[in-house]
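Subject: Structure handover

Hello,

Here is the structure I promised to pass on. Please open it first, then read my notes below.

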Amino acid sequence: MTTAPTEKSPVASSLLSPEANQAAALAACNGILTIDLDAIVANWRKLEKTAVPAECSAVIKANAYGCGIEPVAKALAGAGCKTFFVATLDEARAARAALPEAVIYVLNGFFQNTGEAYAKINCRPVIGELNELAEWDLFCRRSGWSGGAAIHIDTGMNRLGFTIQEAQGLIPRVNAGDHGITLVMSHLVSAEQLNSPVNARQLAAFREIASLFTGVPAALANSSGIYLGSPFQFDLVRPGAALYGVNPTPEADNPMRPVVDLKARIIQTRHLERGDTVGYGGTWTARRPTKLAIVATGYADGYFRAASANDGTRGAEVIVAGKRCPIAGRVSMDLIAVDITDLPPNAARRGHMVTLIGEGITVDELAHRFGTIGYEVLTNLGRRFARVYKGGGTATAVAAPSPA
């Protein structure tokens, strides 16, 4: 288990063991985001088994959904993952530093004058537009680069990708050989909805066009798409959020292991009389003598203001001393107030940690409270908190994020 260090004098740190330094760092922090690398690996293996015989890649964009691109990439590569997807060239550079041998695709594609950057780190753009393809071809001809690229075909998302008609125009190129296309892919609109008619339409359209790219591997399924069954899995699947514990089957129980645990520190307890209000706007009123725990987290840490409570609406809950306790009042930038009136005396004191995610509170539950999805929760979590990594084979020190 490793933690993000806090600043200490070199002399003081040198007198302590690594374990003691880590304990001191945790004792000084306002919150701890724990990431279970073994759970990420277990989730990948479960998805891989579900998709056999298709290859199971991993999407590690957005800093591996907020979990840390370097430790996550290394853990997955150690488990046997060979193909990775990121969104940007900067993410590709970070991934390549951790993955010297892996295939890395960049989903946001190729821009003019970026060819040298792609070649330098040996990664592949996902190309979805004719001008983009022309620029890529020009770079390859002039440089002799033959690193390959994916072709993205739009089958209904209407964001990125060639139209079906444009993709058909590429078939002569494929049949001519030496085309440089290493993958043909599309993206599902409603994969998490098992009975959505859009799934069948996209599958039919992609199957037809992908079959014309003779000898080129095909990929359609994201996390939820894997659970639509083997017709959607083709040669390669691209799980993302499911790797990090988000439920890919929201109409059923979550088959994934939880990955993140988030805790924050109580910095004060206080007593309210009946009729007192809490927080900005005074939107929450004590209906009885009330005890509060003031916890060092807020929307600057990714704990959304939408979790607030008022006199007419119950907000999110946190775990204090093993019990669910409701938020009182508005979530502010740095603080939340939690109603701990029903806990035994001294069960929660200054310095104790409360659980924001974990002990039964899932990322998906918190996302529901926030009025969003687990993806957004994960990519915003714990920006000012220490990070602790569990598992993953070898220990990796992780720098704490800057408060700025």
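Contact here means heavy atoms within 4.5 Å. Buried means under 20% relative accessible area, exposed means over 50%, and partly exposed lies in between (1.4 Å probe, protein chains only). Helices (H or I, at least four residues) and strands (E, at least two) are DSSP runs, numbered from the N terminus.

Some ground rules. This is a predicted model, in which local features need pLDDT of at least 70 and side-chain atom pairs count only at pLDDT 80 or more, while totals for chains, interfaces and linings use all residues. Residues are numbered from 1 along each chain as its sequence is written, and side-chain values use heavy atoms, with hydrogens and water left out.

**Overall**

The protein has 14 helices and 20 strands. Its C-alpha atoms fill a box of roughly 80 × 55 × 35 Å, taken along the principal axes. Of the 404 residues, 50% count as buried. Take the contacts with a separation of 6 or more: residues 24 or more positions apart account for 66% of them.

**Helix 11**

Back to helix 11, residues 197–210. Its buried residues are Asn199, Gln202, Leu203, Phe206, Ile209 and Ala210. They cover an arc of only 145 degrees around the axis, so they sit on the same side of helix 11. The arc is that of the directions from the helix axis to the C-beta atoms. On the other side of helix 11, Pro197, Arg201 and Glu208 are exposed.

The length of helix 11 also checks out. At 1.5 Å a residue, its 14 residues should span 20 Å, and the end C-alpha atoms are 20 Å apart, which agrees. The expected span is 1.5 Å times one less than the number of residues.

Phe234 touches this helix. It lies in the loop between helix 12 (223–226) and strand 11. Leaving out residues up to four places away in sequence, Phe234 touches Ala54, Leu203, Phe206, Arg207, Ala218, Ala219 and Leu220. With a relative accessible area of 24%, Phe234 is partly exposed. Gly78 is 156 residues from Phe234 along the chain, and their C-alpha atoms are separated by 24 Å.

Strand 7 (residues 124–127) runs parallel to strand 8, joined by 2 bridges. Two strands pair if DSSP finds at least two bridges between them. Val126 has Ala150 of strand 8 as its bridge partner.

Ile151 has Val184 of strand 9 as its bridge partner. Which way do the residues of strand 8 (residues 149–152) point? Ala149 and Ile151 point one way, Ala150 and His152 the other, and all are buried.

**Helix 5**

In helix 5 (residues 69–79), the buried residues are Ile69, Pro71, Val72, Ala73, Ala75, Leu76 and Ala79. They pack against several elements, among them helix 3 (37–51), helix 6 (89–98) and strand 20 (386–390).

**Thr249**

Thr249 is in the loop between strand 11 (236–237) and strand 12 (260–272). It counts as buried, at 16% relative accessibility. Its side chain reaches the backbone oxygen of Asp253 at 3.2 Å. Thr249 touches Tyr227 and Pro255, again not counting residues up to four places away in sequence.

**Backbone points to check**

Most residues other than glycine have a negative phi, and most peptide bonds are trans. Please look at these spots:

- The peptide bond from Val52 to Pro53 is cis, with omega near 10 degrees. Pro53 is in the loop between helix 3 and strand 3 (55–56).
- Asn122 has a positive phi, near 55 degrees. It is in the loop between helix 7 (115–121) and strand 7, and is partly exposed at 42% relative accessibility.
- Glu359 has a positive phi, near 55 degrees. It is in the loop between strand 19 (353–357) and helix 13 (363–370).

Best wishes

Conventions: A polar contact is a pair of N or O atoms within 3.5 Å; within protein, one must be able to donate a hydrogen and the other to accept it, and residues adjacent in sequence count only if both atoms are side-chain atoms.
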